[in-house]
Amino acid sequence: MLVLDINDADITLRRNGEELYREPGVADVAPKTTVLGAEARARSRLHPQQSHNEFWQRLNADPVTPHGRGVANQADLVYVQLRELRAATGEKRPAVVVVAPSAVTNEQFAVLLGVAAEAGFDVRAIVDASVAAASRQTWDGSCAVVDVSLQRATVARVERVDTDNGPMVRRAAVDEISAAGFAPLVEGWIDVVADRFVDSTRFDPLRIATTEQQVFDQLLAGIDTGTAEFAIEVDHHEVTRRVSVSRHALAHKSTQRYELFARALGDPGTLAVSHRVLRLPGFAGFLQEAGHQLLPLTPDAIDVAVRDQAEHILPPPGDPGRPGARLITSLPAPAGTASRATPSKRPTHVLCNALAIPLAGDLSANEHPAFRPGSPNFRIRRGENGVTVVPAPDTAISLNGMPIDFEHPAAAGDTIDSGNLAFHLIAVVDGETGG
């Protein structure tokens, strides 16, 4: 089953869970050639007039200026990237389920279907991303799905309703916050880095296209690593200059944009938060401090949900159903409100470098015998609803390979990476009682 997620922060195509393509929705349009994805992003500061990163959001016939070979409007750029995606499948006319951001309009869906058909795809269904994300989550009270794309962040409110076919999840409303899109946030973070260079080296990297591109590339790479602080170097006229920037400083720069987002959320509630939001410096912690309960989503969460719900998304075999792709705005909901950290998955010990110590109550990593001074510290908390991992202030660690700088649920089997140390949460079964 092919699942295509068209969020332009990282457009992703997977076949049965295997990633075939993951690139940003960015294009560099030159008179004779058009380059897409990460390669285009790596040219965006060198040739800003040729750079385009709004075509997936627009999904319309607005002109592209200057034109390129075969590229006259925004829909043409969508077509070119869809052709790349189709090539990644190795199939002549692959059948695909498209996952679309909740803010996409019916008019844009019509454009998408037409362009996808021209690009060689057989779109079998279009699934609302927030509905797919929420369909495998459990919550009490209200719930919203939070995601971010290049030009906007979205808050999609979802609700669980009882029907004759059982409980269903459906989208109730969606708000867009353009100020909290990934691209606007990055512009603010680039200014932070540039100020560091001016203060430390008297050199402004934004005055020269090549050094600005170096800052842009390394900033994005540093954010993805999730480390609390990372270095950025620029080379100009055989002179290398270097500064360090912290995630805390980037988060501070974005405070006003985060506050705009928080106002759109309203009263504290449960938030299913995409992996794209989780990588934004300080954002998840900001939401927690505002009183929201977070349900972190893994990078493959939507793909897994779509495959799990395939029988409700695709027409039955041999039944062509209605002509055209189905638009899926509701899916079956999981039963109950069980917490992820069930008693059988609660850790009893913390293992590091072959040394395991009991987790009788709250535990700080620096209390473990294997902890090394200078490593990022964190705390493991035990509560009525399970176990959470809390990084120390202004630090960042990784949980199962995902960088976190906020309080995150955890369970037995999880691994916490702190610098060069790996802490494993394990459950030791009592041999006499069998657990």
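A residue counts as partly exposed when its relative accessible area lies between the buried range, under 20%, and the exposed range, over 50%. N353, with a relative accessible area of 48%, is therefore partly exposed. The model discussed here is predicted.

**Sheet with β20 and β29**

- Six strands form an open sheet in the order β21-β20-β29-β28-β25-β26, and their pairing is antiparallel.
- The edge positions belong to β21 (355–358) and β26 (402–404); each has a single partner strand, so one side of each is left without a neighbour in the sheet.
- On average, and with direction ignored, neighbouring strands of this sheet are turned by 25° against each other.
- Strand β20 (residues 349–352) and strand β29 (residues 421–426) run antiparallel and are joined by 3 bridges.
- L351 has H424 in β29 as its bridge partner.

**Nonpolar cores**

- The largest nonpolar core holds 67 residues, of which W189, L219, F261, I416 and F423 touch the most other members.
- The most residues in this core come from helix α6 (residues 182–201), which gives 8.
- F423 falls within the residue range of β29 (421–426), and its contacts beyond four places in sequence include V350, L351 and C352.
- Further contacts of F423, under the same exclusion of residues up to four places away, are A365, H368, F371, F378, D414, T415, I416 and S418.
- Another core, of 31 residues, lies apart from the largest one; among its members are A27, V29, V96 and F121.

- S102 is located in the loop that runs between β9 (95–100) and α4 (106–119).
- With a relative accessibility of 6%, S102 counts as buried, because that value is under 20%.
- The side chains of S102 and S130 are joined by a polar contact of 2.8 Å.
- Leaving aside residues up to four places away in sequence, S102 touches D128, S130, A156, R171 and V174.

**Cysteines**

- The number of disulfides in the structure is 0.
- A disulfide is a covalent bond between the sulfur atoms of two cysteines.
- C143 is buried, with a relative accessible area of 4%.
- C352 is likewise buried, at a relative accessible area of 0%, and C352 is one of the residues touched by F423.

**Backbone exceptions**

- Most residues other than glycine have a negative phi, and most peptide bonds are trans.
- T65 and P66 are joined by a cis peptide bond, for which omega is about -5°.
- P66 belongs to strand β7 (residues 63–68).
- L59 is a residue other than glycine with a positive phi, near 45°.
- L59 sits in the loop between α2 (55–58) and β7, and with a relative accessible area of 2% L59 is buried.
- N353 is not a glycine, yet has a positive phi of about 50°.
- The loop between β20 and β21 contains N353, and these strands are adjacent in the order of the open sheet.
- In accessibility, L59 is buried at 2%, whereas N353 is partly exposed at 48%.

Technical notes
Residues are numbered from 1 along each chain as its sequence is written. This is a predicted model: local features need pLDDT of at least 70, side-chain atom pairs count only at pLDDT 80 or more; totals for chains, interfaces and linings use all residues. Side-chain values use heavy atoms; hydrogens and water are left out. Two strands pair if DSSP finds at least two bridges between them. Helices (H or I, at least four residues) and strands (E, at least two) are DSSP runs, numbered from the N terminus. Axes are lines fitted to C-alpha atoms, for helices over the stretch in contact, and angles run from 0 to 180 degrees between N-to-C directions. Buried means under 20% relative accessible area, exposed over 50%, partly exposed in between (1.4 Å probe, protein chains only). A polar contact is a pair of N or O atoms within 3.5 Å; within protein, one must be able to donate a hydrogen and the other to accept it, and residues adjacent in sequence count only if both atoms are side-chain atoms. Contact means heavy atoms within 4.5 Å. A disulfide is a pair of cysteine sulfur atoms within 2.5 Å. A nonpolar core is a set of buried Ala, Val, Leu, Ile, Met, Phe, Trp, Tyr and Cys residues joined through side-chain atoms within 4.5 Å.
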